[in-house]
Amino acid sequence: MAFPRPRPARAELPRQRVQTLQCGQGAVRAARFNADGNYCLTCGSDKTLKLWNPHKGTALRTYQGHGYEVLDAAGSFDNSQICSGGADKAVALWDVTTGQVVRKYRGHAGKVNCVQFNEEATVIVSGSIDSTVRCWDCRSRRPDPIQVLDEAKDGISSVKLSAHEILTGSVDGRVRRYDLRTGQLCSDYIGSPITSVCFSKDGQCVLAASLDSTLRLLDKDTGELLGEYTGHRSTTYRLDCVLNEQDTHVGCASEDGHVYFWDLVEGSLALSLPVGQGVVQSLAFHPRLPCLLVATQGQVTLWREDTFQ
């Protein structure tokens with residue numbers, strides 16, 4: 001006889017500010033957790049990348065090598081490498097311990113908005129304002145991409161990867177999903193320029209934020225609209241959307257200095273987090289804990305649940 005699985009604890013949302021990182025990088029363009037959530041990366045308008053332990057509030061290393069502001073970064077699964085993209089049209093691969101650039105990939109015709117590693121960190125996928133997604137082999141010395149995805153009609157604002165899929169959001173108002181096993185492309189038309197996309201943890205749904213101040217949850221396989229979430233302001237900037245670690249709430253940055261969370265099923269507003277005065281530039285949710293990174297202007301704040309000591 002199999003015992004029923006225990007019900008998961010009620011999801012807690014991060015409401016308590018526990019750390020503030022004064023980054024000293026000009027405007028922080030993106031803040032990203034590493035694979036296990038113990039560290040984070042911040043991308044600055046001063047051309048630098050910084051590695052932090054956000055839970056202790058300590059800066060660990062600064063990475064310099066981009067010719068213009070850094071717009072996105074990601075860490076590899078084993079924390080040995082970092083990839084980054086910037087307004088200098090370059091994608092950089094870094095060695096974490098030495099702080100040196102291992103490779104620079106040039107091929108994009110415009111600034112690189114988003115970068116991601118695949119699971120094994122053998123390929124970097126980058127999306128650019130030049131409307132293309134390019135896949136770069138980290139192990140070979142070849143300077144050109146191993147694949148170029150050029151179906152978008154306008155700039156790529158967001159890229160996410162699963163084990164066998166590439167998910168992209170574009171300013172042309174479409175969410176595209178490339179299935180690498182079957183070689184198929186699925187495209188869903190939203191209509192408004194997409195600012196951010198992400199997969200749900202269970203891999204069944206796609207969340208997309210767009211410039212009509214609406215967050216949409218789509219069924220990954222059918223494209224059916226499962227939920228719409230409104231109340232934030234997103235009309236001008238490229239803002240991040242996230243799902244919490246239990247897939248119970250969806251969240252989005254806002255131009256009014258708040259972060260908003262909605263109940264995924266009910267669609268009701270669950271939390272409005274007053275972060276600061278300016279636009280919330282970037283969001284990242286911890287992979288396993290109710291823990292949120294928020295970038296506004298030149299600083300990053302770390303938020304935890306109310307019961308956190």
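The paragraphs below go through the sheets, aromatic pairs, pocket and cavity of a predicted model.

Residues are numbered from 1 along each chain as its sequence is written, and side-chain values use heavy atoms, with hydrogens and water left out. Because the model is predicted, local features need pLDDT of at least 70 and side-chain atom pairs count only at pLDDT 80 or more, while totals for chains, interfaces and linings use all residues.

The UniProt record, an unreviewed entry, gives the annotation "repeat: WD" to residues 21-62, 63-104 and 105-137. Its positions are given in the numbering used here, feature names are shortened, and annotations may be inferred rather than shown by experiment. Residues 63-104 are 0% helix and 57% strand, with end C-alpha atoms 14 Å apart. For residues 105-137 the values are 0% helix and 58% strand, and the end C-alpha atoms lie 10 Å apart. Helices (H or I, at least four residues) and strands (E, at least two) are DSSP runs, numbered from the N terminus.

Two strands pair if DSSP finds at least two bridges between them. Strands of a sheet pair through backbone hydrogen bonds, either parallel or antiparallel. Five bridges, in the antiparallel sense, pair β6 with strand β7 (residues 81-86). Asp-72 stands opposite Gly-85 in β7.

Six of the six residues of β10 are buried (under 20% relative accessible area, with exposed over 50% and partly exposed in between; 1.4 Å probe, protein chains only), so β10 is largely enclosed by the rest of the structure. Strand β11 (residues 123-128) runs antiparallel to β10 and is joined to it by five bridges. Val-115 has Ser-126 in β11 as its bridge partner. The two strands form a hairpin with five residues between them, and Ala-121 in the turn has a positive phi of about 60°.

A further open sheet of four strands has the order β22-β23-β24-β25, and its pairing is antiparallel. β22 and β25 (269-274) are the edge strands with a single partner each, so one side of each is left without a neighbour in the sheet. From one strand to the next the twist averages 20°. Strand β23 (residues 249-253) and β24 run antiparallel and are joined by five bridges. The bridge partner of Ala-253 is Val-259 in β24.

The structure holds five aromatic pairs. Rings of Phe, Tyr and Trp (its six-membered ring) pair if their centres lie within 6.5 Å; planes under 30 degrees apart count as stacked, over 60 as edge-to-face and the rest as tilted. Tyr-63 and Trp-94 have ring centres 5.7 Å apart and planes at 70°, so this pair is edge-to-face. Tyr-63 lies in strand β5 (residues 58-64) and Trp-94 in strand β8 (residues 90-95), so the pair ties together parts that are 31 residues apart in sequence. Tyr-63 is buried, with a relative accessible area of 0%, and Trp-94 is buried with a relative accessible area of 0%. The rings of Phe-261 and Phe-285 have centres 6.0 Å apart and planes at 75°, so they too are edge-to-face. Phe-261 belongs to strand β24 (residues 258-263) and Phe-285 to strand β26 (residues 280-285), so the pair ties together parts that are 24 residues apart in sequence. Both phenylalanines are buried. Tyr-229, Tyr-260 and Trp-262 form one aromatic cluster.

The largest pocket has a volume of about 1200 Å³. On a 1 Å grid over the protein atoms alone, a pocket is an open set of points with protein on both sides within 12 Å along at least five of seven lines, a cavity is a set where a 1.4 Å probe fits but cannot get out, and lining residues have an atom within 4 Å of a point. Grid points are joined across faces, edges and corners, and a volume is the space filled by probe spheres set on the points. The pocket is lined by 40 residues, of which Phe-33, Gln-116, Lys-160, Leu-161 and Pro-287 lie nearest its centre.

One cavity of 30 Å³ or more is found in the whole structure. The largest cavity has a volume of about 60 Å³, and the residues lining it include Leu-167, Val-175 and Cys-186. β16 (174-179), β17 (184-189) and β20 (214-219) are the elements that give two or more residues to the lining.

Notes
Axes fitted to C-alpha atoms, helices over the stretch in contact; angles between N-to-C directions.
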